[in-house]
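This report looks at charged and aromatic side-chain contacts. Please have the chain open while reading.

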Amino acid sequence: MAKLQQLLSNNQSGGNYKKRFTVNTYQGIYFLNTGDIAFFETDEGIVFAVEISGKKHLLNESTLKDIEKLLNPSGFFRINRRELAHKQHVERIEQYNKYTRAIQVKEYKKIT
């Protein structure tokens, strides 16, 4: 009985969450640590990981729902249908009206 309780508590607290994502490019494959990701977003059905520097990385995962299952819920949260944010990088949440909020990400520089 004690072993069973220990197994259950280990599964609830730890979890096997993804610590880095594989990014394929024409130059090769590299890894992106989840701690370096400010947020995930979808754009026309394509999923990107966005760093604080503003650099976007195309991911192999097909939906945010797939990514959400891989991430530790204590580190990331769903903003809306298109975005998942890293709690560590959120500086402020401003409410514009009853249904609209803006999230400011620390040191984020949007590349245009």
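## Charge over a ring

Lysine 56 lies over the face of phenylalanine 48, at 4.9 Å from the ring centre. The model is predicted. Lysine 56 is partly exposed, at 42% relative accessible area.

Another such contact involves arginine 20. Arginine 20 sits over the face of phenylalanine 31, 3.9 Å from the ring centre.

## Salt bridges

The whole structure holds four salt bridges. Side chains of opposite charge can pair when their charged atoms come close. Lysine 56 takes part in one of them, with glutamate 41 as its partner, at 2.7 Å from N to O. Glutamate 41 lies in strand β3 (residues 37-43) and lysine 56 in strand β5, so the bridge ties together parts 15 residues apart in sequence. Glutamate 41 is buried, at 10% relative accessibility.

Glutamate 61 and lysine 18 form another salt bridge, at 3.7 Å from N to O. Here loop meets loop. Glutamate 61 is in the loop between β5 (56-58) and α2 (64-70), and lysine 18 is in the loop between α1 (2-13) and β1 (20-25), so the pair ties together parts 43 residues apart in sequence. Glutamate 61 is buried, with a relative accessible area of 17%. Lysine 18 is partly exposed at 29%.

Arginine 78 and glutamate 68 also form a salt bridge, at 2.8 Å from N to O. Arginine 78 belongs to strand β6 (residues 76-78) and glutamate 68 to helix α2, so this bridge ties together parts 10 residues apart in sequence. Arginine 78 is partly exposed, with 32% relative accessible area. Glutamate 68 is partly exposed too, at 34%.

## Aromatic pairs

How many aromatic pairs are there? The count comes to two. Phenylalanine 21 and phenylalanine 40 form an edge-to-face pair, with 5.4 Å between centres and 65° between planes. This pair links distant parts of the chain: phenylalanine 21 is in strand β1 and phenylalanine 40 in strand β3, 19 residues apart. Phenylalanine 21 is buried, at 0% relative accessible area. Phenylalanine 40 is buried, also at 0%.

## The ring cluster

Ring pairs join Phe21, Phe40 and Phe76 into a cluster.

Methods:
Residues numbered from 1 in each chain as written. Predicted model: local features only at pLDDT ≥ 70, side-chain atom pairs only at ≥ 80, totals over all residues. Heavy atoms only, no water. Salt bridge = Lys/Arg side-chain N within 4 Å of Asp/Glu carboxyl O. Helix = DSSP H or I, 4+ residues; strand = E, 2+ residues; numbered from the N terminus. Buried < 20%, exposed > 50% of the residue type's maximum accessible area, 1.4 Å probe, protein only. Phe/Tyr/Trp six-rings, centres within 6.5 Å; stacked < 30°, edge-to-face > 60°. Lys NZ or Arg CZ within 6 Å of the ring centre and 35° of its normal.
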